[in-house]
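Reader: Could we go through this model together, beginning with the terms and then moving on to the residues?

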Amino acid sequence: MGIIGTIVIGLLVGLIARFLKPGNDSMGWIMTILLGIGGSLLATYGGQALGLYEAGEGAGFIGAVVGAIILLVIYGAVTSKKKH
């Protein structure tokens with residue numbers, strides 16, 4: 001998959017993760033795309049480390065969304081500490 005495909009999938013994954021996680025997340029499109037791409041990477045390499053995936057297998061769309069939700073929770077915790 002090329003860079004454009006990665007960005008589009010990252011955007012979709014980031015939007016779905018933001019929709020599924022409750023609360024107000026005030027981040028722009030770039031952060032949403034990065035969140036989705038990071039979630040996909042987290043799910044792929046985390047799954048390989050846990051033995052759920054073989055090397056070269058993608059985590060899949062659902063795994064990428066779960067990874068993005070985890071990153072969204074971490075991002076929310078870090079940014080909320082800066083506000084206080």
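Author: Buried means under 20% relative accessible area, exposed means over 50%, and partly exposed lies in between, with a 1.4 Å probe and protein chains only. This is a predicted model, in which local features need pLDDT of at least 70, side-chain atom pairs count only at pLDDT 80 or more, and totals for chains, interfaces and linings use all residues. Residues are numbered from 1 along each chain as its sequence is written, and side-chain values use heavy atoms, with hydrogens and water left out.

Reader: Ok, so is I9 buried, exposed or partly exposed?

Author: I9 counts as partly exposed because its relative accessibility is 33%, and I9 sits in helix 1, where a helix is a DSSP run of H or I with at least four residues, numbered from the N terminus.

Reader: And which residues form the nonpolar patch on the surface?

Author: The patch consists of I4, I7, V8, I9, L12, I16, F19, L20 and F61, which together have about 840 Å² of accessible area. Helix 1, residues 3-20, gives the most to this patch, with eight residues.

Reader: Switching topic, what does T32 touch?

Author: Leaving out residues up to four places away in sequence, T32 touches G10, L11, G14, L15, R18 and M27, contact being heavy atoms within 4.5 Å. T32 is found in helix 2, residues 29-49, and counts as buried because its relative accessibility is 0%.

Reader: Which residues does the UniProt "transmembrane region" annotation cover?

Author: The unreviewed UniProt entry gives that annotation for residues 27-46 and 58-78, although such annotations may be inferred rather than shown by experiment.

Conventions:
Patches are made of residues with over 30% relative accessible area and no salt bridge: like charges are joined within 9 Å, nonpolar side chains (Val, Leu, Ile, Met, Phe, Trp, Tyr) within 5 Å. Accessible areas come from the Shrake-Rupley method with a 1.4 Å probe; for residues, only the protein chains shown count as cover. A salt bridge is a side-chain nitrogen of Lys or Arg within 4 Å of a carboxyl oxygen of Asp or Glu. Helices (H or I, at least four residues) and strands (E, at least two) are DSSP runs, numbered from the N terminus.
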